[in-house]
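User: I would like to learn how to read a model of this kind, beginning with a chain as a whole and ending with a single residue and a chain-to-chain contact.

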Amino acid sequence: MPLLMRRLAMVLAATTLSFTPAIAATSAPAVTQEYDLKAAFLFNFAQFVEWPAQAFASPTAPIVIGVLGEDPFGSGLDEIVEGETVHEHPLVIRRYHSIAQIDSCQILFISLSESARLDQVLKALGHRSVLTVGEARDFTDRSGMIGFDLVQRRVRLRINLVAATDAGLTISSKLLRQAQIVRTSRGSN
Amino acid sequence: MSAPRGSIRQKLVTAMMLTSTTVVILTGAALIIYDTISSRQSLTRRLTTQAEILAANSTAALAFENTDDARQLLSGLKSDPSAVMAALYDRRGQLFALYPADAPASMAPAAPGKVGSRFESQTLVIIEPVEEDGRMLGTLYLKSDLRALTVRRRVFALVVLLAAAGSVAVAFVLANWLQSGIAGPVRLLANAAEQVAQGRDYSVRAKVASDDELGLLSNAFNGMLGEIQQRDAALRASEASLRQLNSDLERRVQARTAELQVSNRELEAFSYSVSHDLRAPLRHVDGFADLLTRHAGPSLDDKSRRYLATISDSAKSMGVLIDDLLSFSRMGRSEMQHAHVSLREMVAEVRQGMSSDLTGREIVWEIGDLPDVVGDAAMLRAALTNLLSNAVKYTRGRSPARISIGVREENDEIVLYVRDNGAGFDMAYQDKLFGVFQRLHSAEEFEGTGIGLANVRRIVQRHGGRVWAEGKVGEGAAFFIALPRAGSAQAQHEEAA
């Protein structure tokens, strides 16, 4: 890791939440901060999204937040979720390496490492009521439901409302207010 | 009708005005207080609701750290001019968004403070938690000024003030109108009473203007007046008739008195002239009887001489009788000469004068301590002479005769008594003792004209005194003369009558 780059990233991170994926890969503290924020967002989604009743085995079944592929959060996600419940559902973190491992899952963060296989992953999920969250620029265009975006040094959301609706999920209007709604034609996937 | 100060009318109006004004003021004050409280409450409620809505809408903005959205949400407050400032704090208490957007961050408090609502100087502050599913996401701070409240209070106070002024004015008119129902009849009654008191005119009646208690009072007053009027009339009538009766009586008494005086004078003049005129022929009878006795006495037989002697005695006796009558008449008419008289000396003089009658008599005199009195000396001497000669005369058969003279002083009179142990008299006839020509003994037994005691009585009466006698047949008699102690004045009065 070049020293100069690291120094620059540290300076930037110290002043603002300013980074790029390129820098993120090389600047550990700033990246950690970004992913702490994203982890919090993942947890917050549980509060602003409604799943159909059949998505849970029981009213007290856990809301599973799955991370598919390389985990960028470290222990941050676990710390946020620790001991939390939403609507009586305890929150649980699961880490998957392949699509086949996914059984009961409500929120699935698809890591950048899975970008190449994104279409297959989404197809495999089909119309299961799983809120898919991704980081790729074209995540929502490719029928991912919520995409993280960095706009003017801030984490912004993109939402593919059609995809979410098709999966039987109801996204709170309050959440929708925070996001850019992406319109894609149905059946593009 | 002018109302004097402190009149019932004024008191009634004052009472009603005080009552109504107090009620209006209290009601107004209560209304203002109530309105202030309730408008504060409703403002608090309204602002709290606004804060709650804003907080509920802000959850996602806070959750996803979207300050733009937060500012946008807060800018919705623009429609409420009383919203002065609003601030959103994140869960860590850091300022997240501010309204108005261009306000400096220093305007918002460093920390949101305790949740709830509170009134600060001219502002209302609401601090509302921002929660999603009971999860604390941040805090909303909302500050509103109380301009609306102040304006509302002013308008309300003005309305209440106007209403109060109007109510007081209406109350004044009503009070003036209502009081006439009470004060009017009272005044009529008072006027009537005053008229009665001033004019003593009991024909006045109070006008009965209503059939309430005042009407009852007026009726009772009128009834009372009627009663008084009747009694007054009856009193006046009886007074008039009494006065009439009195004056009639007086007139009659005067007339009678005048008649009596006239006839009395006539009678006295008649008896005087008769007595006087009778003396001349009587003197002739006596004189010629005497001459005849001297001239033809020796030639007449005893019987004729006795007849002549009887004629002479009778003429002499008649002369005494006429003298007595004249004296009696004089006693009634002559002027009284008042002076201090010593009874002791007078009794001695009278006894001296009677010495011829006392020869050959054995009389025991018991004479007590005799005081001085005021009276006509000649008259008193005549009376005393009469009483003493009576005593000597009626004790003729007693040996020794016992005659006591004394004075008993009583409260307002001096009582002189002459007591003897002579023939006495029957108390049944004591009334007749002092009458003219009234005699209890025959002239053969005890000589006399029957005028003596009548004369005594007349003399004593002219002195303002009284006489009486006590006695028992064969055991003696006592004669009493009571003279008033202040004798002169009453004697004068007696003489005038």
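User: How many helices and strands does chain B have?

Analyst: In this predicted model, chain B has 10 helices and 12 strands. Of its 497 residues, 24% count as buried, and among the contacts of chain B between residues at least 6 apart in sequence, 67% join residues at least 24 apart.

User: Turning to one residue, is B:Ala482 buried, exposed or partly exposed?

Analyst: A residue counts as buried when 20 or more other C-beta atoms lie within 10 Å of its own, and as exposed when there are 12 or fewer. B:Ala482 is partly exposed because 19 other C-beta atoms lie within 10 Å.

User: Where is B:Ala482 found, and with which residues is B:Ala482 in contact beyond its neighbours within four places in sequence?

Analyst: B:Ala482 belongs to strand E12 (residues 476-484) of chain B, and, once neighbours within four places in sequence are left aside, its contacts are B:Glu413, B:Val415, B:Gly465 and B:Arg466. From C-alpha to C-alpha, B:Ala482 and B:His463 are 9.6 Å apart in space, with a separation of 19 residues in sequence.

User: How should I read the side of chain B that touches chain A?

Analyst: The size of an interface is often given as the accessible area lost when the parts come together. Here the description is by residues in contact, with 11 from chain B and 12 from chain A. Helix H1 (residues 8-63) of chain B gives the most to the chain B side, with 5 residues, and by class that side has 4 nonpolar, 3 polar and 4 charged residues.

Conventions:
Residues are numbered from 1 along each chain as its sequence is written. Chains are lettered from A and ligands numbered from 1 in the order in which they are written. This is a predicted model: local features need pLDDT of at least 70, side-chain atom pairs count only at pLDDT 80 or more; totals for chains, interfaces and linings use all residues. Two residues are in contact if their C-beta atoms, placed from the backbone, lie within 7 Å. Helices (H or I, at least four residues) and strands (E, at least two) are DSSP runs, numbered from the N terminus. Ala, Val, Leu, Ile, Met, Phe, Trp, Tyr, Cys and Pro count as nonpolar, Asp, Glu, Lys and Arg as charged, and the others, Gly among them, as polar.
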